[in-house]
Amino acid sequence: MSLFLTNILLALLWVSLSGNFSPANLLFGYLIGYLALFLSRRAFAPSNYFGVVERLVRFVFFFVWELILANLRVAYEVLTPRHNMHPRVIALPLQARTDFEISALAILISLTPGTLSLDVSADKKVLYIHAMFAEDEEAVRKDIQNNLEARLLAIWRQPPS
Amino acid sequence: MAQDLSAWLIFFGALFMFIAALGVARMPDLFTRMHSSTKSATLGVGLIMLGAAFHFGEIGMTMRVIAIIVFVFLTAPVAAHMLGRAAYFAGVPLWEGTLSDALRGHYDRRTHRLISDEKVEENFPEGDIAV
């Protein structure tokens, strides 16, 4: 956390020294600050900041890509005259434990076209989702568990390196 | 350059919004309609807002755009979840092409508790809608 604040501070310093307060320059300052901190990482106590940032950026790219693919799939289904979908309501056993993890996963599932989270069981162990393309129920479940959920949880669950 | 990018972003945003609207009209039941309306509309709003940010290119506008996108992405799934849950309780029928329904029999009709392991079929008679 303190590394993150240092990085923000470095970005602001860069912006004030270069005298150009635009979003692109702020982002550039953040990247330079991140690089500087990364190169001097052995000077600080072990922190998972660098790992978290790296996995978060990877996850954002992965999710945006999935979002585009799934959107095209739903758009195709909407635009073609016949219904080729096989909707199901699926029970998805959760690896996510805390309220934050479960709501993050549910929101991401809802944002992906073709899947919609309906409800979480009272004991917070199972998430019920409505999936649009679920001819093979097990494949949908495995896809969400191994791709979305595993990557999401790995962002903050992996230990500092 | 930024103007071209902004034009393309707004074009694709509008296209996704159009497909979302078409999907609401074309899909057979409430749940598949919600797929269309929440997802594509969210992406559409996001793209149009990004286009606006590139068009103005000011920090104030960019910050507002980021805030709008974050709030839309946070609230749309919550609204979809509440609508879907309420519709399920109200007994809105699923499309006849739906292959299976894992929720059936897992709700306690009276308390609205969702029980994950055991079925509560006896509290959940077919076609009986207790409010």
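# Briefing: chain B and its contacts with chain A

In this structure, 38 residues of chain B are in contact with 36 residues of chain A; two residues are in contact if their C-beta atoms, placed from the backbone, lie within 7 Å. This is a predicted model, in which local features need pLDDT of at least 70 and side-chain atom pairs count only at pLDDT 80 or more, while totals for chains, interfaces and linings use all residues. Residues are numbered from 1 along each chain as its sequence is written, and chains are lettered from A and ligands numbered from 1 in the order in which they are written.

**The side of chain B that touches chain A**

- The elements that give two or more residues to this side are H1, H2 and helix H3 (59-90) of chain B. Helices (H or I, at least four residues) and strands (E, at least two) are DSSP runs, numbered from the N terminus.
- The residues of this side divide into 19 nonpolar, 14 polar and five charged. Here Ala, Val, Leu, Ile, Met, Phe, Trp, Tyr, Cys and Pro count as nonpolar, Asp, Glu, Lys and Arg as charged, and the others, Gly among them, as polar.

**Chain B as a whole**

- Chain B has three helices and zero strands, and from the N terminus on its elements run α-α-α.
- Of the 131 residues in chain B, 29% are buried. A residue is buried if 20 or more other C-beta atoms lie within 10 Å of its own, exposed if 12 or fewer, and partly exposed in between.
- Among the contacts in chain B with a separation of 6 or more, 52% are between residues 24 or more positions apart.

**Helix pairs**

- The axes of helix H1 (residues 2-26) of chain B and H2(B) come within 7 Å and cross at roughly 165°. Axes are lines fitted to C-alpha atoms, for helices over the stretch in contact, and angles run from 0 to 180 degrees between N-to-C directions.
- That angle makes H1(B) roughly antiparallel to H2(B). Angles under 35 degrees count as roughly parallel, over 145 as roughly antiparallel, 65 to 115 as roughly perpendicular and the rest as oblique.
- The contact of H1(B) with H2(B) has 17 nonpolar residues, 10 polar and one charged.
- Between the chains, the axes of helix H4 (residues 99-111) of chain A and H3(B) come within 9 Å and cross at roughly 85°. H4(A) and H3(B) are therefore roughly perpendicular to each other.
- In this pair, A:Ala106, A:Ile107, A:Ser110 and A:Leu111 of H4(A) meet B:Phe73, B:Leu74, B:Pro77, B:Ala80 and B:His81 of H3(B). Seven residues of the contact are nonpolar, two are polar and none is charged.

**The largest nonpolar core**

- The largest nonpolar core has 45 residues, of which A:Ile90, A:Leu127, A:Ile129 and B:Leu50 touch the most other members. A nonpolar core is a set of buried Ala, Val, Leu, Ile, Met, Phe, Trp, Tyr and Cys residues joined through C-beta atoms within 7 Å.
- Helix H2 (residues 30-56) of chain B gives the most to this core, with 10 residues.
- Not counting residues up to four places away in sequence, A:Leu127 touches A:Leu92, A:Leu94, A:Ala106, A:Ser117 and A:Val120.

**Two single residues**

- B:Glu96 lies in the segment after H3 of chain B and is exposed, with 7 other C-beta atoms within 10 Å. B:Glu96 and B:Asp29 are 67 residues apart in sequence and 9.0 Å apart in space, C-alpha to C-alpha.
- A:Leu12 is in helix H1 (residues 2-18) of chain A and is partly exposed, with 15 other C-beta atoms within 10 Å.
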